[in-house]
Amino acid sequence: LNTIFVFYKFQIMLQPVSGFSKKTKDEKIDWLVSSYLNDDSASKKILKQYWNHNEKLQKLHDGFIENTISNYYLPFAIAPNFLINGALLPIPMVIEESSVVAAASNTAKYWLERGGFKAEVISTTKNGQVHINFYGDDVAIQTFFSETKSTLIKSISEIEKNMKKRGGGLLDIEFINTTNALEGYYQLHCTFKTNDAMGANFINTCLEEIAKTFESSSKLYADFISENEFPEVVMSILSNYVPECLVRAQVSCPVEKMATNGMDGKTFTTKFVRAIEIAKVEKRRAVTHNKGIMNGIDAVILATGNDFRSVEAGIHAYASKDGNYTSLTDAKIEQGNFIFSIEIPLAIGTIGGLTALHPLVKFGLSLLQNPSAKKLMEIVAVAGLAQNFAALRSLVTTGIQKGHMKMHLANILNYLEVTQAEREQAVVYFKDHAVTHSSVANFIKQLRK
Ligand code: MEV
């Protein structure tokens, strides 16, 4: 290759690397540091500082993905005292954003004193599609599907044998004509139960086998042969949109017991309900409102080794299922009771994938008493509801900056490497002064004069 790449202001002249994945970890680092970082030994040190000294454990982590050169830590924390359907649980959370765990813990305690959280799984059906092109006769392909459906189902009997033993497997295959939306576009819409596994691999393996059988059977079908027009499989993949895999969580309590942050129960709950109404009608607010919910959800999803991107994608799509992106939570006051709830789709697992491999994930799941996937769905929904409660509770009373600034100040003080005495004075001073990096730095500078 003669191509020469010129990189912005450093004007580094580089050849593309070949065989990067085949290099050892040290070779990868050497190549990176010499090519992009002026052979800076400090960079190598940073990367290696995060290697685990237990070689076996490090190898395990290296193997999760390709081209691993180090580990990227996120805090693993606990929000204790969650009373869910009568059981008291500490919830493990992995997140980089300060205040999320404190907010979850405060909310857990608040609701512990008011009856706790109730949660229930509404449904657990997952789905995937074989997407098909066909430009022949509508009736012919529909008839072909009806005649071939049992063969398609039989073709995965070996693949779904174990899943079936555990009460799961393929539920149904539906043929959908989508030609109104896109010319020549049909689908095999397949539904599944995967029990305690997230089931992505299982579903995708089934779909690919069904697609193969569909295509090979079609080659022998008389109507297609006579017209010389055959269906073609475009792709086969599970869907992360899972509105039939739903969980609901709720809290409720008499309004007069809801006094908080210096506000009486009636004023607080009325403003709270109003905040939800706003999130229901105003997309700009709904996105931030739901982002706060995802603070809780993602943190538990990560701590329990699940796929937060699929959960995010599915939940946000669900938030716009009726055509407008809206709040995932609902609140109302009924006969003197404040009722606050969430309903979200969650396709997650407690067996398979990282759950069997990552020691901290195993630890997190054992803290949660090794829940079934259904139980974990309930816990995750509660974490989302709790996070939303914490955010709205602050927003409609004191504002969120009060709590955030405490953590912000602590982070700035850590950055400035202050002594314990300096920290204590700063905490007192910044109780009623605005926290910015420069105001804190100036304050510490004055102290040190
Ligand atoms: C910040 O991470 C989340 C909030 O913005 C959520 C909300 O506004 O509801 C506080």
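## Basis of the values

Because this is a predicted model, local features need pLDDT of at least 70 and side-chain atom pairs count only at pLDDT 80 or more, whereas totals for chains, interfaces and linings use all residues. Residues are numbered from 1 along each chain as its sequence is written, and side-chain values use heavy atoms, with hydrogens and water left out.

## Overall make-up

The secondary structure of the protein comes to 16 helices and 12 strands, these being DSSP runs numbered from the N terminus, with helices (H or I) of at least four residues and strands (E) of at least two. Taken along the principal axes, the C-alpha atoms fill a box of roughly 90 × 75 × 40 Å. Of the 449 residues in the protein, 43% are buried; the term buried means under 20% relative accessible area, exposed means over 50%, and partly exposed lies in between (1.4 Å probe, protein chains only).

The protein exposes about 24,200 Å², of which carbon and sulfur atoms supply 54%. Among contacts (heavy atoms within 4.5 Å) between residues at least 6 apart in sequence, 69% join residues at least 24 apart.

## Nonpolar cores

A nonpolar core is a set of buried Ala, Val, Leu, Ile, Met, Phe, Trp, Tyr and Cys residues joined through side-chain atoms within 4.5 Å. The largest one has 67 residues, and within it Phe-82, Phe-338 and Leu-346 touch the most other members. Helix H13 (residues 373–395) supplies the largest share of this core, with 11 residues. Apart from it lies another core, of 28 residues, among them Phe-145, Ile-173, Phe-202 and Val-233.

When neighbours within four places in sequence are left aside, Phe-82 is in contact with Ala-87, Leu-88, Leu-89, Ile-91, Ala-104, Ala-108, Phe-117, Val-382 and Ala-386.

Helix H4 (residues 100–112) has 13 residues and reaches 18 Å from its first C-alpha to its last, close to the 18 Å expected at 1.5 Å a residue, the expected span being 1.5 Å times one less than the number of residues. Its buried residues are Val-100, Val-101, Ala-103, Ala-104, Ser-105, Thr-107, Ala-108, Tyr-110 and Trp-111.

Ser-99 is placed in the loop between strand E4 (87–94) and H4, and its phi is near 85°, a positive value in a residue other than glycine. With a relative accessible area of 15%, Ser-99 is buried. Asn-38, in the loop between helix H1 (25–36) and helix H2 (41–49), also has a positive phi, near 50°, but Asn-38 is exposed, with a relative accessible area of 75%.

## Buried positions in loop and strand

Thr-125 belongs to the loop between strand E5 (118–121) and strand E6 (126–133), and it counts as buried at 15% relative accessibility. Its side chain makes a polar contact with the side chain of Lys-193 (3.1 Å); such a contact is a pair of N or O atoms within 3.5 Å, where within protein one must be able to donate a hydrogen and the other to accept it, and residues adjacent in sequence count only if both atoms are side-chain atoms. Beyond four places in sequence, the contacts of Thr-125 are Leu-171, Thr-191, Phe-192, Lys-193, Glu-244 and Cys-245.

Leu-170, in strand E7 (residues 169–177), is buried with a relative accessible area of 12%. Leu-170 and Thr-191 are 21 residues apart in sequence, yet 6.0 Å apart in space from C-alpha to C-alpha. Ser-341, in strand E12 (residues 337–345), is buried at 7%, and its contacts beyond four places in sequence include Arg-248, Gln-250, Asp-330 and Leu-385.

Note on methods
Areas by Shrake-Rupley, 256 points an atom, 1.4 Å probe, with all protein chains shown as cover.
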